[in-house]
Amino acid sequence: MNPPETAEVWIGLSEAPLPLDRVLAWVGRPDCGGIVLFSGTARDHSEGRPGVTVLEYEAYEEQVTPRLETLVDEARVRWPEIGRVALLHRVGRVEIGESAVVAAVSAPHREEAFAAARFCIDGLKATVPIWKKEAWAGGESWGLEAQHISEAVMVDSAGESAS
């Protein structure tokens, strides 16, 4: 998985480990003093499930890219000064301690970088059709409850909901 050479957005799915060092190096720009990189890693437990040993992710791949693009577009409306944005997610088997998702944003200042990165990761979790299966000592399951995918909420330049 390699970053784009000319674009300001790097989105995608990967069966291979996510390249955190490459993301961090790529997302920076000379005009951006703030870089926020969020990495969601596979942990060894979840609520009511101690001893998680592995995660597995599946995605509705045809919908992932358009929904990630919508998130980035919306982040740019809300924070027009942001620089580069990377949104990457694993599919397939993810071992404990490995990164399952990365959201990285650069901006001239930390406030915008933090806000846009938070918006992107929260939006990814709510609007992008990617599902997680956990395996633990007591069994395996595709989550504790149904995961409902919602549509991204777009705002206009005045900050009003456009949907």
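Trainee: How many bridges join strand β9 to strand β10 (residues 139-141)?

Mentor: This is a predicted model, in which local features need pLDDT of at least 70, side-chain atom pairs count only at pLDDT 80 or more, and totals for chains, interfaces and linings use all residues. Residues are numbered from 1 along each chain as its sequence is written, and side-chain values use heavy atoms, with hydrogens and water left out. Strands are DSSP runs of E with at least two residues, helices are runs of H or I with at least four, both numbered from the N terminus, and two strands pair if DSSP finds at least two bridges between them. Strands β9 and β10 run antiparallel, and the number of bridges that join them is three.

Trainee: In β10, which residue is the bridge partner of Trp-136?

Mentor: A hairpin joins β9 to β10 through two residues. Across it, the bridge partner of Trp-136 in β10 is Gly-139.

Trainee: Over how many bridges do strand β5 (residues 54-59) and β9 pair?

Mentor: One of the bridges to β9 has Ala-59 with Ile-130 as its partner. The pairing of β5 and β9 is in the antiparallel sense, and the number of bridges is six.

Trainee: How many of the seven residues of strand β9 (residues 130-136) are buried?

Mentor: A residue is called buried at under 20% relative accessible area, exposed at over 50% and partly exposed in between (1.4 Å probe, protein chains only). Strand β9 is largely enclosed by the rest of the structure. That is so because, of its seven residues, the number buried is five.

Trainee: Which strands stand at the edges of the open sheet of four strands?

Mentor: The order in this sheet is β1-β6-β8-β2, and the pairing is mixed. A strand at the edge has a single partner strand, so one side of it is left without a neighbour in the sheet. The strands that stand there are β1 and β2.

Trainee: At about what angle to β8 does helix α3 (residues 110-127) run?

Mentor: Such angles run from 0 to 180 degrees between N-to-C directions, with axes fitted to C-alpha atoms, for helices over the stretch in contact; contact means heavy atoms within 4.5 Å. Helix α1 lies across β1, β2, β6 and β8, running at about 15 degrees to β8. Helix α3 lies across β2, β6 and β8, and its angle to β8 is about 145 degrees.

Trainee: Which residues of α1 are buried?

Mentor: On the other side of α1, Asp-21 and Ala-25 are exposed. What covers the buried residues includes β1, β2, β6 and β8. Those buried residues are Val-23, Trp-26 and Val-27.

Trainee: Within what arc do the buried residues of α1 fall?

Mentor: The arc is that of the directions from the helix axis to the C-beta atoms. The buried residues line one face of the helix, because seen down the axis they fall within an arc of 90 degrees.

Trainee: Which residue forms an aromatic pair with Trp-10?

Mentor: Rings of Phe, Tyr and Trp (its six-membered ring) pair if their centres lie within 6.5 Å, with planes under 30 degrees apart counted as stacked, over 60 as edge-to-face and the rest as tilted. The structure holds two aromatic pairs, and the one with Trp-10 is edge-to-face, at 5.7 Å centre to centre and 75 degrees between the planes. It links strand β1 (residues 9-14) to helix α1 (residues 20-27), and its residues are 16 apart. The partner of Trp-10 is Trp-26.
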